[in-house]
Amino acid sequence: MTLVALVLAASASFAHAQEGDFAKYCKADIERLCQGIQPGGGNLLKCLKSHSKEMSVGCAQALQKLKG
């Protein structure tokens with residue numbers, strides 16, 4: 001039972017770290033490419049994907065990690 005709890009906790013930490021990477025590496029791209037887009041419902045991800053050729057390498061890598 002404790003092994004399952006440890007695995008779940010590690011997975012949650014990993015997912016949180018990936019979201020942190022997304023916020024860190026994509027903030028400037030969101031501000032530059034997605035002005036006026038309301039967050040929520042995947043709107044920012046859709047916007048970034050539509051500008052995939054214009055986004056920074058760091059943001060592109062962070063998005064890849066989120067896709068898992």
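A disulfide is a pair of cysteine sulfur atoms within 2.5 Å. The model is predicted: local features need pLDDT of at least 70, side-chain atom pairs count only at pLDDT 80 or more, and totals for chains, interfaces and linings use all residues. Residues are numbered from 1 along each chain as its sequence is written, and side-chain values use heavy atoms, with hydrogens and water left out.

**Exercise 1.** Determine which element has the lowest mean pLDDT and which the highest.

Solution. pLDDT is the predictor's confidence in each residue, from 0 to 100. Helices are DSSP runs (H or I, at least four residues), numbered from the N terminus. The lowest mean, 62, belongs to helix 1 (residues 2-33), and the highest, 92, to helix 2 (residues 43-50). Over residues 1-17 the pLDDT is below 50, and this stretch has zero contacts (heavy atoms within 4.5 Å) beyond near neighbours in sequence. Where pLDDT is low, the predicted coordinates should not be read in detail.

**Exercise 2.** Identify the partner of cysteine 34 and state what the pair ties together.

Solution. Cysteine 34 forms a disulfide with cysteine 47, the sulfur atoms being 2.0 Å apart. Cysteine 34 lies in the loop between helix 1 and helix 2, and cysteine 47 in helix 2, so the pair ties together parts 13 residues apart in sequence. The link is left-handed, with -105° about the S-S bond.

**Exercise 3.** Describe the disulfide of cysteine 26.

Solution. Cysteine 26 is joined to cysteine 59, S to S 2.1 Å. The pair links distant parts of the chain, helix 1 and helix 3 (residues 57-67), 33 residues apart.

Terms used
Helices (H or I, at least four residues) and strands (E, at least two) are DSSP runs, numbered from the N terminus.
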